[in-house]
Amino acid sequence: MSGIDILYLITGLATMAFAVLTLTDRDHPRRLGTSAFWMIFGISLAFGGWLPDAVVGLAMLALALLAAAGQLGLGNYGQLSDTVRKARMQRFGSRLFIPALLIPAGTFIYTLTTGQSALVGLGVATLLAFAVALLMLRERPTTGLQEGRRLADSIGWAAILPQFLAALGLLFDQAGVGQTIAELVSSVVPDTSLVACVIAYCLGMAIFTMLMGNGFAAFAVITSGIGYPLVIALHGGNPAIVGVLGMLSGYCGTLMTPMAANFNIVPAALLELDDRYHIIRTQIVPALVMLTANISLMLLLAF
Amino acid sequence: MLSLIGVVVIVVGLALRLNALLVVLVAGFCSGLVAGMTPTEILEALGHAFTQNRAVSLFIITLPVIGLLERNGLRDQAERLVQKFRAASAGRITLSYLVLRKLTNAFGLQLGGHPAMIRPLIAPMSVGAAERDLSSAAIASPRFHSLSQRIRVLNAVSENFGNFFSQLIFVASGGLLLIKSVLDKSDASVSLADMALYAIPTALISLLVMFVMCRRLDRNIRREQRLLREEYPDLSYEGGVKESADSGSDTHSISVRESQS
């Protein structure tokens, strides 16, 4: 079993533990639904690699139905009162930062020294930080899982939306969404105009990234459909400059779409924002400024 | 054109505020049917891709640690620490995080993220800085609630800006490797170092854009703090009985409907 598979297994088991704790939470108004949701997701996370794909597909259906039927809710997590928490804060002080900073620092050191993927590093560093936090705070592991469940419930079904969207990307690809967009754009662009071609390419990257939620997925399609034939081959743009600024134009699209849920929707839940789309709304104007900057840079530097 | 049916489903479904998971599945089925797949094949394709993309859900493993620290006052400590530094403002903290994120990112390091850095550390520090010298009634007011939402949004934006607009400066980043493989296939060979170099102007412009946004946030905070001090002059107004609390000129809209589905 590879390192990453072990990490999926551990994360899946932790998620299943959230489900079990939810089941024992008598104050939970959506006890069964919430428990089933995390249990199904935990199983798919831990054992997805060994389960038949159709079973995972059915699990996705069950997850979506549970969420759509409003079967997820918030329970009782045995939170400490404000006074007790503040007293503990006084006792631990800035030592509380140690486990928190151990996650990024540990990820970095592990990745650097072993050369393994950053994800495995994240897993190792997190487990280490968990152990340090338990020892330092003298808490039980179940309290940690209870706290994990609290945060998972507060994010709710949005926590698994990024993975759903990634799966959708594959089907968009099969249906040929990218080719259609590329054909559509290149059919309306007057290819004699350099400026029009550059704008079409950058705009195409941004728009297709908004649809796919992912700049990488957009790049191959839009570059082979518009960027290469019109900007590089026809007008003689420098491929390195066109390529990198094209990708950066795609990233502008990422900032403007709910399809990039892990960057725009999950954080809204994590930060307890009242409006799930608040981050996207705030990012639209700066993203358009950045898109204009990328288009201008491409015109300025690539020819 | 029929291939765009999935896109239409997404746009309409999200506009109607239907559950996004269900909308995604329906869009997936429509796209699959257009591509000539059978329902079983679609289910298998979805399941396969879902398993292939488990990495995006691995942040869940960090939740127990973050939660445990929060339970013991991590966020309170971050707020308290920042209040000792008079020069620390929400905008400056956000901008400092952005610079740190950009520098580490340019060297290929992924230090940060919304769950591990923004929620437990950067957001409480930024909000804590804005709370300085305000009475507890002022902090409990709807005006401050709305302000603190805007602060946290900018924290989240800085993470995204730091991540997206600097990652291509790293020569071995996944993005550059992808660009190279696509262009090499089209007979336009490119060097990674050249591309990394031309990612720098965009990174600098994004820094400038965030600088302007952080400055605007700080100005906004100072104005709101002035209004809050007028509305809640000191602790004797505990409980926020003054009527002017809700009648401010704050146009920021909070839709309660969206807060929970």
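Okay, quick housekeeping: the model is predicted, so local features need pLDDT of at least 70 and side-chain atom pairs count only at pLDDT 80 or more, while totals for chains, interfaces and linings use all residues. Residues are numbered from 1 along each chain as its sequence is written, chains are lettered from A and ligands numbered from 1 in the order written, and side-chain values use heavy atoms, with hydrogens and water left out.

Let's start with chain B. On the surface there's a patch of positive charge, and among its members are B:Arg92, B:Arg215 and B:Arg229. Helix α12 of chain B, residues 200–231, gives the most, with seven residues; helices here are DSSP runs of H or I, at least four residues. B:Arg216 sits in that helix and counts as exposed, at 54% relative accessibility. Exposed means over 50%, buried under 20%, partly exposed in between, with a 1.4 Å probe and protein chains only.

Now the rings. Phe, Tyr and Trp rings (six-membered ring for Trp) pair if their centres lie within 6.5 Å; planes under 30 degrees apart are stacked, over 60 edge-to-face, the rest tilted. That rule gives seven aromatic pairs over all chains. A:Phe47 and A:Trp50 are tilted, because their planes sit at 45°, with centres 6.5 Å apart. A:Phe47 is partly exposed at 31%. B:Phe161 and B:Phe165 pair edge-to-face, 5.2 Å centre to centre and 70° between planes, and both are buried.

Definitions and conventions
Patch = residues over 30% accessible without salt bridge, like charges linked within 9 Å, V, L, I, M, F, W, Y side chains within 5 Å. Areas by Shrake-Rupley, 256 points an atom, 1.4 Å probe, with all protein chains shown as cover. Salt bridge = Lys/Arg side-chain N within 4 Å of Asp/Glu carboxyl O. Lys, Arg positive; Asp, Glu negative; His and termini not counted. Charge placed at Lys NZ, Arg CZ, Asp CG, Glu CD. Helix = DSSP H or I, 4+ residues; strand = E, 2+ residues; numbered from the N terminus.
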